[in-house]
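The following report is written for a reader who meets this structure for the first time. Please keep the sequence and the model in view while reading.

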Amino acid sequence: MLEDTIRVLAGDCTVIVDGTDREEYRGRVTVIVKPDNTVLVHDVDGYQPVAWLTRADSVSSTSDPTNGFTLSAHKGDQTVRIAAHEQDGFGQYPASEAGTPVGDCPDCGGALVRSSGVHCVGCGERYGVPADATVRDDYCDCGLPRMRVERGLAFHVCLDRNCESLDEAVRNAFDREWSCPDCDGDLRILRRGGLLAGCEHYPDCDVGFVIPSGVFDGDCGCGLPAFETPSGRRCLDATCERMLEAPPSD
């Protein structure tokens, strides 16, 4: 569900900014209060606010049809106070991140957009997406788009990890496929913040490697797998210096 809101206040206002200096303005302005308590006071001139306070510690406002609205925002020793002599508008509206459209929500028909993850503009449903993932234009049976993620292979899975799990796909492909360079135990596919190939003998052996974004490309000179990544060919062990000893796979 959508929980973030933006408050919008408009009218003939006096705006007082107190901090290092004191400034006072009056005019017909529009005041925007964002979910992170950033306060922006806009007039008709240019794109820059005439006054603002970024991520205020506290913001309070009142509205009275007769007396208009007031707003007070504080951050440290900075204060923005606004009083309406004549109120044109006072409202609170649902808000979300803006992003690139990637499909339609199967639950409500709203637009799915990608920003930090993927979310629905209509109902607010959210899906975590790896930063390197590409959202595809083909759909899972559940109605959501699939994404392409490279973790040794190119995996095509649903945006909803509860529908099709990227972790499970990588585990099925590579669990116990590689040996630990320190004790010859099997490397297991685990999630510890990110996807890891970690020794099965942990905690007696604490070897573990983050699985990089890229596709399997033969073996490194150290015996571990190599990957072709956006930044070039590299070993599973990001600190390995023997990559040049083994050619890429054909």
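## Hairpins and strand pairs

In the hairpin of β18 and β19, where five residues lie between the strands, G223 takes a positive phi near 100°. This is a predicted model, in which local features need pLDDT of at least 70 and side-chain atom pairs count only at pLDDT 80 or more, while totals for chains, interfaces and linings use all residues. Residues are numbered from 1 along each chain as its sequence is written, and side-chain values use heavy atoms, with hydrogens and water left out. Strands (E, at least two residues) and helices (H or I, at least four) are DSSP runs, numbered from the N terminus, and two strands pair if DSSP finds at least two bridges between them.

β19 also forms a hairpin with β20, with two residues between them. E228 has R233 as its bridge partner in β20, and V215 stands opposite E228 in β19. Four of the five residues of β19 are buried, where buried means under 20% relative accessible area, exposed over 50% and partly exposed in between (1.4 Å probe, protein chains only).

| β15 (187–192) | β16 (194–199) | six |

## An open sheet and its helix

Strands of a sheet pair through backbone hydrogen bonds, either parallel or antiparallel. Here three strands form an open sheet in the order β15-β16-β17, and the pairing is antiparallel. β15 and β17 (208–210) stand at the edges with a single partner strand each, so one side of each is left without a neighbour in the sheet. From one strand to the next, the twist averages 30°.

## Nonpolar cores

A nonpolar core is a set of buried Ala, Val, Leu, Ile, Met, Phe, Trp, Tyr and Cys residues joined through side-chain atoms within 4.5 Å. The largest such core has 39 residues, of which L112, V118, V170, W178, L187, I189 and L236 touch the most other members. Two or more residues each come from β10, β13, β14, α1, β15 and β16, and α1 gives the largest share, four residues. A second, separate core of 19 residues includes V15, V29, V59 and A84.

## Two loop residues

T38 lies in the loop between β2 (22–33) and β3 (39–42), and because its relative accessibility is 9%, T38 counts as buried. The side chain of T38 reaches the backbone nitrogen of R55 at 3.1 Å. Leaving aside neighbours within four places in sequence, T38 is in contact (heavy atoms within 4.5 Å) with residues including I32, L53 and R55.

G143 is placed in the loop between β12 (134–139) and β13, and with a relative accessible area of 25% G143 is partly exposed. Leaving aside neighbours within four places in sequence, G143 is in contact with D104 and P106. The C-alpha atoms of G143 and A84 are separated by 48 Å, and the two residues are 59 residues apart along the chain.

Conventions: A polar contact is a pair of N or O atoms within 3.5 Å; within protein, one must be able to donate a hydrogen and the other to accept it, and residues adjacent in sequence count only if both atoms are side-chain atoms. Axes are lines fitted to C-alpha atoms, for helices over the stretch in contact, and angles run from 0 to 180 degrees between N-to-C directions.
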